[in-house]
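Morning, everyone. I'll walk through one model today. Please have the sequence and the structure open.

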Amino acid sequence: MSALPSRVKLIDVGPRDGLQNEKQPVPAAVKIELVHRLQAAGLKEIEVTSFVSPKWVPQMADNAEVMAGITRQPGVRYSVLTPNMKGFEVAQACQPDEIVVFGAASEAFSQKNINCSIAESIERFAPVVAAAHAAGIAVRGAMSCTVGCPYEGDIAPERVGYLAGLMKSIGVDRVDVADTIGVGTPRKVQRAIEETLRHYSLDNVSGHFHDTYGQALANTLAALQMGVWNFQTSVAGLGGCPYAKGATGNVATEDVVYMLRGMEIDTGIDLNHLVDAGQYISTHLGRMPHSRVAVALLNKRASEAATEAHAR
Ligand code: HMG
Ligand code: MG
């Protein structure tokens, strides 16, 4: 446990990874309010939206409206997904702090998600990375299917190293090791991270774990034990990927904050305000948050309120 970091940076991807997967349309005003509530809870990085084809992901078609509607807080980094130059050009006008190119360690997933091979995706990303840097915008690279793929099954760690090397070769500043379908277990995730660390330093590697099989918190701990201190998480456990059927959302931000708080690892996030943010979007979606911690704390609040009302 000696490598545990003393602080952790959480990047909430709920507004993007979360809401991209909702069947019912979520109005731009609700997305904007969610971003405001996340920053009020202390999130310093928020993945707001994606500049992808509206034919592929109609849920993100309001990207420019959402970006324009946010009242930005100093010190908060707002990121957006851009798969190609077309997406980057529209995104650039919205002044994101960071753009995210997204590739996959699996050929089949690359084809299904962005309609091209891994090699072609890198060719498409290269000018996006160069243009972003020329405009003073940071670049993150999401690496999907680093442990398993919905189409190819298990993914060998070497393929993650290969993709990380390609990301590095085109100048991507930092990368996310993503378990897109949440099939990973701690050692597998550690191997994918080990391969990534051949190309990127610890400070530039983050964990992005979907929780389909309930392993995401364990995988987060496994990454922490390697010294990883950046993670993408999703408020209320929102999300999934439209091109990874059956995959559920990222590990809930509330669950990770609770675990880290208990381990005395600083996140700068106020858990109560975060639970409020998760309740806000979950109420809008007509369900309870997909977070054990949020549900436990909401139940506790309700029982305390009932006891107080009874005492009056
Ligand atoms: P394509 O059909 O091959 O693109 O899609 P194309 O270049 O041939 O263009 C076809 C049409 O799309 C044209 O319009 C373009 O203008 C338009 P038309 O002439 O037919 O009217 N177009 C665009 N429109 C808006 N924005 C753009 C854009 N690009 C082309 N950027 C493309 C290729 C990449 C665009 C498509 O496959 C796509 O949009 N894919 C995105 C899929 C997606 O968003 N998936 C979810 C995000 S990734 C994820 O969730 C994983 C992650 O969380 C990590 C993890 O968990 O693994 C990050
Ligand atoms: Mg994801």
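Start with helix 6, residues 118-134. It has 17 residues and reaches 24 Å from its first C-alpha to its last, close to the 24 Å expected at 1.5 Å a residue. The expected span is 1.5 Å times one less than the number of residues. Helices here are DSSP runs of H or I, at least four residues, and strands are runs of E, at least two, numbered from the N terminus.

A word on conventions. This is a predicted model, where local features need pLDDT of at least 70, side-chain atom pairs count only at pLDDT 80 or more, and totals for chains, interfaces and linings use all residues. Residues are numbered from 1 along each chain as written, chains are lettered from A and ligands numbered from 1 in the order written, and side-chain values use heavy atoms, without hydrogens or water.

Back to helix 6. There is a kink of about 25 degrees at Phe 125, shortly before Pro 127. That bend is the angle between axes fitted to the seven residues ending there and the seven starting there. Phe 125 is also buried, as are Ser 121 and Val 128, among others in the helix. Buried means under 20% relative accessible area, with a 1.4 Å probe and protein chains only. The cover over these residues includes helix 4 (85-93), strand 4 (98-104) and strand 5 (138-144). After helix 6 comes Gly 136, with a positive phi near 75 degrees.

Next, Arg 140, in strand 5. Is Arg 140 buried or exposed? Buried, with a relative accessible area of 0%. Its side chain makes a polar contact with that of Glu 98, at 3.0 Å. Another, of 2.7 Å, joins the side chains of Arg 140 and Asp 176. A polar contact is a pair of N or O atoms within 3.5 Å; within protein, one must be able to donate a hydrogen and the other to accept it, and residues adjacent in sequence count only if both atoms are side-chain atoms.

Now cysteines. The structure holds zero disulfides, taken as cysteine sulfur pairs within 2.5 Å.

Last, the magnesium ion, ligand 2. Asp 17 (OD), His 208 (NE2) and His 210 (NE2) coordinate the ion at 2.0 to 2.3 Å. Donors are N, O and S atoms within 2.8 Å of the metal (3.2 Å for Na, K and Ca); water is not among the atoms, so sites may look incomplete. Asp 17 and His 210 are both buried.

Definitions and conventions
Buried means under 20% relative accessible area, exposed over 50%, partly exposed in between (1.4 Å probe, protein chains only). Contact means heavy atoms within 4.5 Å.
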